[in-house]
Amino acid sequence: MNLRSALIAGLMLAIAPFSASAADLPDLGGKQVAVVTENAYPPLQFVDPKTGKPVGWEYDAMNEIAKRLNFKVEYLNTSWDAMIQAVSDNQYQIGMDGITINDERKQKVDFSDPYMRSEQFMLVRSDEKRFTDPKSFADTKDTLIGSQPGTTNFYVAVYSVLDGNEQNPRIKLFETFGATIEALKTGDVDLVLTDSMAGKGYVDASGGALKLIGGPLGAEDFGFIFPKGSDLKAPVDAAIAALKADGTFEALNKKWFLDYKLGQ
């Protein structure tokens with residue numbers, strides 16, 4: 001399977017049919033819901049450089065969920081490293097940030113049903129010739145990975161690319177995902193691991209400076225997060241099923257992952 005086919009195949013896993021119709025969805029009576037994000041993960045959510053406004057797949061999806069469930073969204077921002085704990089502490093009612101569903105996070109927050117499946121790829125400078133896959137990267141001892149601590153990308157770097165040592169000095173940590181991309185462009189690091197969606201967006205926006213190499217390193221499911229026991233989880237899950245069933249998510253995938261060109 002070539003890289004483009006792999007990216008599209010990953011997207012298709014997110015749009016398997018479910019049986020739900022708009023008539024089945026609950027009415028939340030126009031209540032206001034605080035939804036938090038970071039605006040640093042294109043094309044899921046980011047600030048459009050042309051308009052200065054936050055946009056992306058998750059914004060479109062959440063706006064449609066709110067419309068169908070009849071609630072009003074108040075969008076707020078926080079950093080990735082604070083987000084899960086802040087939602088757990090009921091500072092926000094929903095979190096959206098391309099958050100991978102895993103058992104450790106489930107101890108703090110409830111997850112929606114998956115709304116998207118993504119796979120991890122290696123993002124490098126376009127002139128990179130020293131390595132082509134995880135093994136050859138690990139064998140090239142003077143190379144560095146840029147990553148955010150506590151993210152799926154970090155743990156894949158540790159356990160699927162390097163030696164399982166979370167303190168490995170070959171991993172250079174940054175506060176935001178965008179900072180890892182800038183470090184890659186300037187040569188401060190040599191590799192960034194990214195899901196297929198964000199990776200394609202950065203490649204398209206790089207003007208030929210970046211490329212994706214190798215095959216997928218594993219799949220991850222994304223979900224929205226809620227405080228434990230939230231009464232929003234069931235309605236949002238019902239809306240996710242409806243949006244998968246009627247082709248809305250498929251249309252958003254095409255809009256943001258195939259048609260949209262970051263920065264153009």
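Good morning. I begin with one pair: in this predicted model, the side chains of lysine 228 and aspartate 110 meet in a salt bridge, with 3.5 Å from N to O. Lysine 228 lies in the loop between strand E14 (225–227) and H9, while aspartate 110 belongs to strand E7 (residues 109–111), so the pair ties together parts that are 118 residues apart in sequence. Lysine 228 is partly exposed, at a relative accessible area of 48%. Aspartate 110, by contrast, counts as buried because its relative accessibility is 18%, and buried means under 20%.

How many salt bridges does the structure hold? The number is 12.

A further one joins the side chains of arginine 68 and aspartate 246, at 2.6 Å from N to O. Here arginine 68 is located in helix H2 (residues 57–69) and aspartate 246 in the loop between helix H9 (233–245) and helix H10 (248–259); the pair therefore ties together parts that are 178 residues apart in sequence. Both residues are partly exposed: arginine 68 has a relative accessible area of 24%, and aspartate 246 has 42%.

I turn next to arginine 125, which forms a salt bridge with aspartate 190; their closest N and O atoms are 2.9 Å apart. Since arginine 125 sits in strand E8 (residues 116–125) and aspartate 190 in the loop between helix H7 (177–186) and strand E11 (191–195), this pair ties together parts that are 65 residues apart in sequence. Are these two residues buried or exposed? Arginine 125 and aspartate 190 are both buried. They also belong to a network of salt bridges that links Arg125, Glu128, Arg130 and Asp190.

Thank you.

Methods
Residues numbered from 1 in each chain as written. Predicted model: local features only at pLDDT ≥ 70, side-chain atom pairs only at ≥ 80, totals over all residues. Heavy atoms only, no water. Salt bridge = Lys/Arg side-chain N within 4 Å of Asp/Glu carboxyl O. Helix = DSSP H or I, 4+ residues; strand = E, 2+ residues; numbered from the N terminus. Buried < 20%, exposed > 50% of the residue type's maximum accessible area, 1.4 Å probe, protein only.
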